[in-house]
Amino acid sequence: MNIGEIKKEFKALDYDSPESILEFINNHKTDERSGVISIIESANKKLDAINKEIIRSDKMLSFERKYYELGNQYICGIDEVGRGPLAGPVVTCAVILPKDEKILYLNDSKQLSKKKREELYDIIIDKAVAYGIGIVSEQRIDEINILQATFEAMRMAINNLGIKPDILLNDAVKIPDVDIPQVPIIKGDTLSASIAAASIVAKVTRDRMMEGYGEIYPEYDFGSNMGYGSAKHIQALKDVGPCPIHRRTFIGNFI
């Protein structure tokens, strides 16, 4: 094979499959052409990266395994997105993943690119035993405050699962008025696969909503800032005033 063909073969590999990368390396590692040696070096870096991700993803199941061993069948991760923005709803998600389901790259949604979140969203929705979404509006946030609105959205997400979980793994908080055992985990979206999955689904759901609002109210640039207080958003608030989805209790410093 010429170097161009080997390069094309390398680009076509499934980079999430250590077996396919290792097979490629073994097939070409005796080739002493400098171009091939460079490609093999890149392949080895890819192999090292995916093996590290497999180890990290396995560790993300440690809480789930602990509670499976204690006899729980349905272990639910729950997380929220949108506590801080000046506009739009708070969105929560509750997710029950299959036992020992290892999904690579699950992490705090904020640490992932938009493209990766979108990819993982589809995988999570496809693989989940059950998932539920909770959405509480900006008007309700103004009425009862953001913390209580977040709890309300979390209870809504749990009720929308269709299956009653045996235990909840929460990102840091304990949800009042829920008759299910709860385990608050600090930075849970970086430590638990179930919470990370919930974080991603909630984030993608809310971002899509805000992108839609961005088309209705283009002056605030919601499609880019997702309702957070970017410079352009704050300037629009000062120039135009609030729109119907602004949280009145959040924008007093700007208007």
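Tutor: Happy to; we can go from the overall picture to the sheet and then to the helices.

Student: What should I know about the model before we start?

Tutor: It is a predicted model, in which local features need pLDDT of at least 70 and side-chain atom pairs count only at pLDDT 80 or more, while totals for chains, interfaces and linings use all residues. Residues are numbered from 1 along each chain as its sequence is written, and side-chain values use heavy atoms, leaving out hydrogens and water.

Student: Okay, how many helices and strands does the protein have?

Tutor: There are 10 helices and 5 strands. Helices (H or I, at least four residues) and strands (E, at least two) are DSSP runs, numbered from the N terminus.

Student: And what does the C-alpha trace span?

Tutor: Along its principal axes, about 70 × 55 × 25 Å. Of the 255 residues, 48% are buried (buried means under 20% relative accessible area, exposed over 50%, partly exposed in between, with a 1.4 Å probe and protein chains only).

Student: In what order do the strands sit in the sheet?

Tutor: The order is β3-β2-β1-β4-β5, in an open sheet with mixed pairing. Two strands pair if DSSP finds at least two bridges between them. β3 (130-136) and β5 (182-185) are at the edges with a single partner strand each, so one side of each has no neighbour in the sheet. From one strand to the next, the twist averages 20°; axes are lines fitted to C-alpha atoms, for helices over the stretch in contact, and angles run from 0 to 180 degrees between N-to-C directions.

Student: How does β1 run relative to β2, parallel or antiparallel?

Tutor: β1 (residues 75-81) and β2 (residues 90-96) run antiparallel, joined by 6 bridges. Asp79 stands opposite Cys93 in β2, and Glu80 stands opposite Thr92 in β2.

Student: What about β1 and β4?

Tutor: Those two run parallel, with 4 bridges between them. Here Ile75 is opposite Ile167 in β4.

Student: How many residues of β1 are buried?

Tutor: 7 of the 7, so β1 is largely enclosed by the rest of the structure. Ile75, Gly77, Asp79 and Val81 are buried on one side, and Cys76, Ile78 and Glu80 on the other.

Student: Which strands does helix α8 lie across?

Tutor: Helix α8 (residues 193-216) lies across β1, β2, β3, β4 and β5, at about 40° to β1.

Student: Switching topic: how do α2 and α3 pack?

Tutor: Helix α2 (residues 18-28) packs with helix α3 (residues 34-59) at an angle of about 155°, and their axes are 9 Å apart. That makes the two roughly antiparallel (angles under 35 degrees count as roughly parallel, over 145 as roughly antiparallel, 65 to 115 as roughly perpendicular and the rest as oblique).

Student: Which residues make that contact?

Tutor: Among them are Phe24 and His28 of α2, and Ile39 and Leu47 of α3. Contact means heavy atoms within 4.5 Å.

Student: And how do α1 and α3 cross?

Tutor: The axes of helix α1 (residues 3-11) and α3 come within 10 Å and cross at roughly 10°. The two helices are therefore roughly parallel. The residues making the contact include Ile6 and Phe10 of α1, with Val36 and Ala43 of α3.
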